[in-house]
Amino acid sequence: MELLYFGDKGWGDELFFATLMTIAVSITAMIIGFLFAALFTPLKLSNNKVLNSIGNAYTTVIRGVPELLVIYLFFFGGSGAIMFVASIFGYNDYIEINAFLTGSFSIGIISGAYSTEVFRGALQSIDKGQFEAAKVLGFNKYIYFFKIILPQMLRLAIPNLSNVWQITLKDTSLISVTGLVEIMRQSYIAAGSTRDPLFFYSFAAVLYLMLTFLSMQLLNRLETKYSKGY
Amino acid sequence: MDIELMINSFPKLLNATLITLKLLSVSLILGLFIGLGFAILRMNKNKLINKFAYGYSYIFRGTPLLVQIFIIYFGLGQIEYLRTTFLWVVLKEPYWCAIIAFSLNTGAYTSEILRSAFQTIKPGYLEAGRSLGIPSKIIFTKIQIPIAIKQSLPAYGNEIILMLKGTSLASTVTLMDLTGVAKYIISTTFKPVEVFIVAGGIYLFMTFIIHNVIKYLEKKYGFQT
């Protein structure tokens with residue numbers, strides 16, 4: 001147990017901050033995912049064939065290719081792309097991008113593909129009459145979307161979004177390959193320096209279980225709150 | 001775009017795909033047996049057995065696959081006793097460690113899929129079987145299992161695709177599967193986009209095939225229940 005002491009003697013505080021990092025990356029990735037979903041859900045529902053196939057390509061490719069490969073693409077390709085853009089503006093030095101940003105961004109793109117599917121499904125299962133009624137009553141676009149469609153969509157989407165959250169949370173373990181110090185990376189470091197991998201990886205598993213358990217409790221509460229009938 | 005690199009890396013990546021497919025098929029077969037076993041335990045009336053099976057699937061579904069591989073590959077080797085048993089022959093190979101982790105992981109998901117399939121079988125089928133005097137063992141193997149398989153096909157198809165993506169984690173324990181080789185080529189040539197297109201294309205092709213095979217099976221074996 002002394003391996004878990006806080007301070008210099010144990011790995012308790014390091015693992016605590018690593019857990020916070022995992023939570024931070026998951027939340028950032030989830031938000032980035034929502035932004036992608038907000039962009040691609042309308043495309044997937046669009047009647048325009050070109051826009052529609054762009055939306056479909058995004059969800060098909062991301063959901064059909066391993067997460068690790070996507071992470072490698074952004075990890076190795078990210079700084080190259082930014083340096084290319086910078087070189088256009090005449091900046092030629094090496095730019096190293098933040099591991100937190102690359103990690104959240106690549107996990108965000110993945111979680112965005114799942115969120116897109118969830119939002120698409122939720123939008124499609126709203127009763128058509130709701131759209132028509134809102135249009136007939138002559139509401140402006142703001143009220144139409146934010147006051148009528150969005151609340152109904154969210155309430156249908158929350159149960160599936162909690163699945164996406166679970167997937168995102170577990171996917172963050174993969175960005176340890178880029179060197180970002182989250183639970184997995186910290187356990188790897190601790191296991192390496194104490195030669196006790198069994199303990200630290202099992203402890204990492206316990207931390208992840210705690211995170212999934214606690215977030216499920218929270219999300220279930222949210223679900224019951226929003227599934228109250230109208 | 002470096003077309004030449006894409007053409008040159010294609011055979012290497014295709015070669016690595018064989019390892020990916022081997023990992024996938026072996027762990028799916030093992031996982032199916034594990035999943036079936038735990039699905040049966042989940043339906044046991046004994047609370048302790050039931051809780052045990054639930055705990056298994058909860059732990060394996062609640063933690064990342066990466067942690068599971070690392071515990072098995074790096075962690076288990078630490079137990080001195082294991083090193084003396086015959087298990088060590090298996091556990092010192094990264095290939096088998098990956099397969100054990102994948103099978104246990106997909107077994108947990110499969111057990112949930114099968115359990116819900118078993119539970120949605122209409123009681124009328126079982127009652128019909130019982131009233132015809134069919135022994136409960138035969139009711140299970142000849143009535144429950146075939147119906148459960150048919151009902152769980154769509155969900156199981158998703159699980160196969162998830163597992164295909166999961167096999168990419170084998171590259172973290174030094175196995176040179178499709179992702180492992182792709183990473184190697186990326187890190188030696190620094191051309192991530194080209195390699196991503198080729199490797200991602202191979203993965204997409206495999207998901208496409210799996211998706212269509214499952215669709216075909218659903219159509220072939222689908223019936224109204």
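The structure is a predicted model, in which local features need pLDDT of at least 70, side-chain atom pairs count only at pLDDT 80 or more, and totals for chains, interfaces and linings use all residues. Residues are numbered from 1 along each chain as its sequence is written, while chains are lettered from A and ligands numbered from 1 in the order in which they are written.

**Chain B**

- Chain B contains 10 helices and 0 strands, where helices (H or I, at least four residues) and strands (E, at least two) are DSSP runs numbered from the N terminus.
- In sequence order, the pattern of chain B is α-α-α-α-α-α-α-α-α-α.
- The C-alpha trace of chain B extends over about 70 × 50 × 25 Å along its principal axes.
- Of the 225 residues in chain B, 39% are buried (20 or more other C-beta atoms within 10 Å of the residue's own, with C-beta atoms placed from the backbone).
- Among contacts in chain B with a separation of 6 or more, 78% join residues 24 or more positions apart; a contact requires C-beta atoms, placed from the backbone, within 7 Å.

**Contact between the chains**

- Chain B contributes 32 residues to the contact and chain A contributes 27 residues.
- On the side of chain B that touches chain A, α2 (47–62), α3 (65–75), α9 (178–189) and α10 (192–221) of chain B each supply at least two residues.
- The most is given by α10(B), with 8 residues.
- This side of chain B comprises 19 nonpolar, 11 polar and 2 charged residues, with Ala, Val, Leu, Ile, Met, Phe, Trp, Tyr, Cys and Pro counted as nonpolar, Asp, Glu, Lys and Arg as charged, and the others, Gly among them, as polar.

**Helix pair in chain A**

- Helix α1 (residues 12–45) of chain A and helix α4 (residues 99–124) of chain A have axes that come within 5 Å and cross at roughly 45°; axes are lines fitted to C-alpha atoms over the stretch in contact, and angles run from 0 to 180 degrees between N-to-C directions.
- α1(A) and α4(A) are therefore oblique to each other (angles under 35 degrees count as roughly parallel, over 145 as roughly antiparallel, 65 to 115 as roughly perpendicular and the rest as oblique).
- The contact of α1(A) with α4(A) involves 15 nonpolar, 10 polar and 2 charged residues.

**Nonpolar core**

- The largest nonpolar core has 106 residues, and A204(A) and I69(B) have the most contacts inside it; such a core is a set of buried Ala, Val, Leu, Ile, Met, Phe, Trp, Tyr and Cys residues joined through C-beta atoms within 7 Å.
- Helix α6 (residues 94–119) of chain B provides the largest share of this core, 12 residues.
- Beyond its neighbours within four places in sequence, I69(B) contacts C97(B), A98(B), A101(B), L169(B), T172(B) and V173(B).

Notes. A residue is buried if 20 or more other C-beta atoms lie within 10 Å of its own, exposed if 12 or fewer, and partly exposed in between; C-beta atoms are placed from the backbone. Two residues are in contact if their C-beta atoms, placed from the backbone, lie within 7 Å.
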